[in-house]
Structures are given as C-alpha cells and as structure tokens.
Amino acid sequence: MATNAAGRKPETQLARVRRARKMNRILAETYPDAHCELDFTNPLELLVATILSAQCTDKRVNMVTPILFAKYPSVADYAAADRSEMEEIIRSTGFFRAKTNSIIGMAQAICERHGGEVPNRLPDLVKLPGVGRKTANVVLGNAFDVPGLTVDTHFQRLVRRFGWTDETDPVKIEHIVGGLLPKREWTIFSHRVIWHGRRICHARRPACGVCPLAALCPSYGTGPTASAEAAKLVRNGPFS
C-alpha cells in the first residue's frame, strides 16, 4: 500500500488501478479528439518534428516543418544536408545547432543501419542520435501503431498529481503507469493527459474548479476551486 494523499487512507494497488482506469475513461470523454498535435504524413516526418519539438511549441514546429519536409523528402536527403541551410530553416525552434546535429546524425544512422527506413522497434530507435524513449514512443505510437507512453513534462506532472506515483525518473514513471492501464490505451492516454495538462491542469495554477477529474484527484485544491475563477484559467488552441 501507499499513501494516496495527506489525510487519506492508504491506497492498494488494485484500488489505484481502478481509479486510474476510471480517470482515463473520464479523460476519453473530455477529450474525444485528442491526438498528436505535430503535423506529419509518415514516420520520418514525425521523427524529425518530434526532435524539433524539444523546448519548442508544437505550433512553432508546425510552422517550420512544411519547408523542411519539402526540402528533405527522404532520409538520404537529411543525411546529406548542408548544415548551415538546415540550421537557417529550423532556427526559430531554438537550439537549432544541436537539433541540426541530431537530425543529420539520426538520418545518417538510419541509412547505415536500417537501409534508409525509420525502424519500428524501441531498441533501434533509442540508439539513433537525438532520440530518447519519449521521442521513440511518440513515433512508435503515432506512426507505427505500437503502444507507448509519452512521458513528457505534462505527463510527469499530472500522473504525480493524480497520486499514481511519486517517481521523478521518466523510465520508472513509464513502467509504473503502464502497469495501471491496458497496453492498447497507452498511446491515446498519453495524448489525453498532455491535452489535459495544456488546457486545465497547468503547472502553476490548475483549473481545479472545472476539472472533470476533481472527485478522483488527491491534488484537488492545488488551484482555485471556485468554478468561475477556475474557468478563466482554461486554455484552448495549439500548445507547446
């Protein structure tokens, strides 16, 4: 057993599983259109866009990628890219030199190891330059339909607020949350949580008073609970 929150009785693993799955169902009803907010048409485009999304909004990435995708339609094109030209295209996404290194290195590795095709296995993806588990799971789940949890900053913050885990290590969080939900739900659940974190459960002032998870969340009250005040905090539109 583990303590759910101050003043609450310890929660068994079975109770936590049941609560997690109920919260997932509520999020599914709240965000029926939840999806990856990066624009892409194939695994390579999603891989590049996800690398660019580090410390950058999806909206900004989506403004840059049409030019990038048109100039570099294949892995070989990225592998042979002129570094200065690519840097200029992606400059507005921030950390453009490091991202250029990652994209070119990733493409060269795919050409050398995988015949120019983006691999569809986690062990292969995480060995590519600039690709960690988060990026790999984004690509697997959204381009290859292989279930995976995207443990970004929103995801980490929310599952801790939900009282599902106290862990701060992304890999441990991934395994713990994966044990609470059916595997087939992992990818779409990631989107639902990220959407919830961007729209309602903000880092500084979550909109607790209008949160659909309020009755099941041990962190209720972290933000304003009055519905009128909380409603003012709700955000909509393209997010980071």
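The protein chain here has 12 helices and two strands, where helices (H or I, at least four residues) and strands (E, at least two) are DSSP runs, numbered from the N terminus. This is a predicted model: local features need pLDDT of at least 70, side-chain atom pairs count only at pLDDT 80 or more, and totals for chains, interfaces and linings use all residues. Residues are numbered from 1 along each chain as its sequence is written, and side-chain values use heavy atoms, leaving out hydrogens and water.

**Layout**
- Walk along the sequence and you get β-β-α-α-α-α-α-α-α-α-α-α-α-α.
- An unreviewed UniProt entry puts "domain: HhH-GPD" on residues 52-199; UniProt positions follow the numbering used here, feature names are shortened, and annotations may be inferred rather than shown by experiment.
- Residues 52-199 are 64% helix and 0% strand, with their end C-alpha atoms 22 Å apart.

**Overall shape**
- The C-alpha atoms of the protein chain fill a box of roughly 60 × 35 × 25 Å along the principal axes.
- A compact globule of 240 residues would have a radius of gyration near 18 Å, and the protein chain agrees, with 19 Å. The radius is taken over C-alpha atoms, and the globule rule is 2.2 Å times the number of residues to the power 0.38.

**Inside the fold**
- Of the 240 residues in the protein chain, 51% are buried, meaning under 20% relative accessible area (1.4 Å probe, protein chains only).
- Take the contacts (heavy atoms within 4.5 Å) between residues at least 6 apart in sequence: 57% of them join residues at least 24 apart.

Methods
Buried means under 20% relative accessible area, exposed over 50%, partly exposed in between (1.4 Å probe, protein chains only).
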